[in-house]
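Biologist: I am new to reading protein models. Could you walk me through one, feature by feature?

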Amino acid sequence: MAQVYKNVIRCQSCGTLKSNSLGCNNCENSKEKYNKICVVEDIADQWSIENSNIYKGYFHILGGTISSAGQRKEDLLINSLVERVSRENIEEVILATSATVEGQTTAYYIEDSLKKTSTKVTKLAQGLPVGGEIESLDDGTLYSAFKNRTGIKTNSD
Ligand SMILES: [Zn+2]
């Protein structure tokens, strides 16, 4: 296992863990081209959503939230998210940050950063328990949160 971990690095573009020697399955080598990106705080959140089979699309892992200890906006992969959205013709960005103050602050900041793109931004429905972290939700809750996600940005013209 030590050998495996040694060759695993964080993708600079989407934040997922990938092999040092290969391209990134999450954002570069996708066999299918998706038009959605789901933004999560960490890799455990991506695994929860993947395992529940409720979402098909790209993931983007921020690596934390804005106000968690020692994390600054610059440390999170927000600029690279804006780049991906512009480059890959993404139609919808789903913000799946936790229902915590930090998670919501981060979501607000990302929404603001995406204003200059024409992409629709949605966030998971408010059925999330307050303080709920994505990775701790059961599939049923996650499913309804996805299904009932709401638009938080509409194009004014
Ligand atoms: Zn990647």
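**Reading the model**

Modeller: Buried residues make up 29% of the 157 residues in the protein chain. A residue is buried if 20 or more other C-beta atoms lie within 10 Å of its own, exposed if 12 or fewer, and partly exposed in between, with C-beta atoms placed from the backbone. This is a predicted model: local features need pLDDT of at least 70, side-chain atom pairs count only at pLDDT 80 or more, and totals for chains, interfaces and linings use all residues. Residues are numbered from 1 along each chain as its sequence is written.

Biologist: How many helices and strands are in the secondary structure of the protein chain?

Modeller: Helices (H or I, at least four residues) and strands (E, at least two) are DSSP runs, numbered from the N terminus. The protein chain has five helices and seven strands, and along the sequence they follow the pattern α-β-β-β-α-β-α-β-α-β-α-β.

Biologist: Which residues touch the most other members of the largest nonpolar core?

Modeller: A nonpolar core is a set of buried Ala, Val, Leu, Ile, Met, Phe, Trp, Tyr and Cys residues joined through C-beta atoms within 7 Å. The largest one here has 31 residues, and Cys38, Val39, Val40, Val93, Leu95 and Ala96 touch the most other members. Two or more residues come from each of β3 (36–40), β4 (58–61), α3 (79–87), β5 (92–95), α4 (101–113) and α5 (139–147). The most come from β3, which gives four.

Biologist: What does Val39 touch?

Modeller: Two residues are in contact if their C-beta atoms, placed from the backbone, lie within 7 Å. Leaving out residues up to four places away in sequence, Val39 touches His60, Leu62, Leu81, Val93, Ile94, Leu95, Ala96, Thr97 and Ile110.

Biologist: Which residues of β4 are on each side?

Modeller: In a regular strand the side chains alternate between the two faces of the sheet. For β4, Tyr58 and His60 are on one side, Phe59 and Ile61 are on the other, and all are buried, so both faces are covered.

Biologist: At what angle do the axes of α2 and α5 cross?

Modeller: Axes are lines fitted to C-alpha atoms, for helices over the stretch in contact, and angles run from 0 to 180 degrees between N-to-C directions. The axes of α2 (residues 43–52) and α5 come within 10 Å and cross at roughly 90°. That makes α2 roughly perpendicular to α5, a label for angles of 65 to 115 degrees. Ser48, Ile49 and Ser52 of α2 meet Asp139, Leu142 and Tyr143 of α5.

Biologist: Is Ser67 exposed or partly exposed, and where does it lie?

Modeller: Ser67 lies in the loop between β4 and α3, and counts as partly exposed because it has 14 C-beta neighbours inside 10 Å. Ser67 touches Glu102 and Thr105, not counting residues up to four places away in sequence. The C-alpha atoms of Ser67 and Glu102 are separated by 5.6 Å, although these residues are 35 apart along the chain.

Biologist: What is the phi of Asn53, and where is its place?

Modeller: Asn53 has a positive phi of about 55° although it is not a glycine. Its place is in the loop between α2 and β4, and Asn53 is exposed, with 9 other C-beta atoms within 10 Å.

Notes: Angles under 35 degrees count as roughly parallel, over 145 as roughly antiparallel, 65 to 115 as roughly perpendicular and the rest as oblique.
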